[in-house]
Amino acid sequence: MFTAKELGNNIRIYRNRRGLSQGMLAERICVTPQSVSKWERGTAAPSLDSLYLLAQTLNVSTDALLGMQTSTERVMIGIDGGGTKTEFVMFTENWKLLKRVVLDSCNPNAIGVEESVSVFCRGIDMLTAHNPNVCGIYIGASGFGLGKSGEQVQGLLEKRYPDIKIDSGNDILNVIACATNAQQCVAVICGTGSIVFAKEGKKLTRLTGWGYLLSKLGSGFDIGRDVLYAALQDAEGLGKATSLTQAAQQKLGSTVADAILDIYSQDQSYIASFAPLAVQAYEEGDAVAQQILCANAERLAQVINHAVQTYDCGKVVVLSGGMFTAARCFTKLVQERICPGLEIIVPQHPQVYGACLLCARMCGVSTQQASEKFWKQYQKMIRQ
């Protein structure tokens, strides 16, 4: 049943989420700040015209403002952020998936804290536009846990959404959560960038993953760069002939040499977009592509083996990320080079599922039936 107090509380929640003061909101809808204050305290209610303007300005439905929700279930958001994309999933405490949003990279160390916060706010606002009942948000993202930028992002989000419980960590925690309950394991992400962690109970030890300038760990960026380098070497007569040259030229619309300025103006994910050319050429028997994938698989396996041999992290190895899910041949090459006797897990669920699990646990929600319910609904979502 509608009450002025509930309406006022929802106006306050959505105003805060839009980063507006009472005065700023009043100015936008042509009323006095005192009117907004009275609405939020529940001592007065806006007219129908003002209610419509409030909904437009706050980017929500009038039903959401009035609290006319069809469900009283708690709602949560799990977020997985990588070097190429940031994925948001909103779900209920009974594991009904409500909405999914995919935006650009959110790594604060690559794009800056301010832009990272902007990405998160856009996604959260898109999800919460019609539902004010969000009780928790968990962010597992690349760049979090390295330096203070992740903490800064979380702090700014807590100010923007003071009524929502927020926690965050490195995206490797998403991988571990969705793949295994083991307290000891080696967890690997290999996508645009690569990183390896040794997990010893609650202790996580980072091995490499220091960004594209100081890491060479078989990532999509590494492989994509090797493709472009091999094409240049071939074109200049300094390297072996390879089908990668023609493949790179087709993707670029010119020779690699003619595209140099454009290549240098792009980010890491653009360079990583050339990695699939190596996978395709490898499967077609190209010797240079085989050398590229084998060398990168060897580097990654060396770090995994070092983790297993050096740390008390058990016998479980979790391989996650785009290079494993989209390139079976690369996964096989890495597995062939890992120490024998280890249990290799390649998670079937996306990393955002791990973020949802961590969010549910943070909010005291059972995860007992999460896996099956999530997967069926998620598959429908990505097909839409």
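Are Phe374 and Tyr378 buried or exposed? I began the notebook with this pair. Phe374 is buried, and Tyr378 is buried too. I note at the outset that the model is predicted.

**Entry 1: aromatic rings**

I then looked at the aromatic pairs and found nine of them in the structure. Phe374 and Tyr378 make one that is stacked, with 5.4 Å from centre to centre and 15 degrees between the planes. I also found that ring pairs join Tyr353, Phe374, Trp375 and Tyr378 into a cluster.

I next turned to Tyr270 and Phe274. Tyr270 and Phe274 are both buried. A reminder to myself: a pair of aromatic rings is described by the distance of the centres and the angle of the planes. The charged end of Lys251 sits over the ring of Phe274, 5.0 Å from the ring centre.

**Entry 2: salt bridges**

I looked up the salt bridges and noted 11 in the structure. Side chains of opposite charge can pair when their charged atoms come close.

I started with Glu87 and Arg100, whose side chains meet in a salt bridge at 2.6 Å, N to O. Which parts of the chain does this pair tie together? Glu87 is in strand β2 (residues 85-92) and Arg100 is in strand β3 (residues 97-104), so the bridge ties together parts that are 13 residues apart in sequence. I checked the accessibility of each partner. Glu87 is buried, with a relative accessible area of 2%, whereas Arg100 is partly exposed at 29%.

I went on to Arg337 and Glu298, which form a salt bridge with the closest N and O atoms 3.2 Å apart. This pair links distant parts of the chain, 39 residues apart: Arg337 is in helix α17 (residues 328-337) and Glu298 in helix α15 (residues 287-310). I put Arg337 down as partly exposed, with a relative accessible area of 26%. Glu298 is partly exposed as well, at 33%.

I then went back to helix α19 for Glu372 and Lys376. They form a salt bridge, and their closest N and O atoms are 3.1 Å apart. Both residues lie in helix α19 (residues 370-383), four residues apart, about one turn of the helix. Glu372 counts as exposed, at 55% relative accessibility.

**Entry 3: helix α3**

Which residues of helix α3 (residues 33-41) are buried? I listed Val36, Ser37, Trp39 and Glu40. I looked down the axis of α3 and saw that its buried residues fall within an arc of 160 degrees, so they line one face of the helix. On the other side of α3, Gln34 and Arg41 are exposed.

I also looked up what the buried residues of α3 pack against. Their partners are α1 (4-17), α2 (22-28) and α4 (48-58). Finally I checked what comes after α3. The helix is followed by Gly42, and the phi of Gly42 is positive, near 80 degrees.

Methods
Residues are numbered from 1 along each chain as its sequence is written. This is a predicted model: local features need pLDDT of at least 70, side-chain atom pairs count only at pLDDT 80 or more; totals for chains, interfaces and linings use all residues. Side-chain values use heavy atoms; hydrogens and water are left out. A salt bridge is a side-chain nitrogen of Lys or Arg within 4 Å of a carboxyl oxygen of Asp or Glu. Helices (H or I, at least four residues) and strands (E, at least two) are DSSP runs, numbered from the N terminus. Buried means under 20% relative accessible area, exposed over 50%, partly exposed in between (1.4 Å probe, protein chains only). The arc is that of the directions from the helix axis to the C-beta atoms. Contact means heavy atoms within 4.5 Å. Rings of Phe, Tyr and Trp (its six-membered ring) pair if their centres lie within 6.5 Å; planes under 30 degrees apart count as stacked, over 60 as edge-to-face and the rest as tilted. A charge sits over a ring if NZ of Lys or CZ of Arg is within 6 Å of the ring centre and within 35 degrees of the ring normal.
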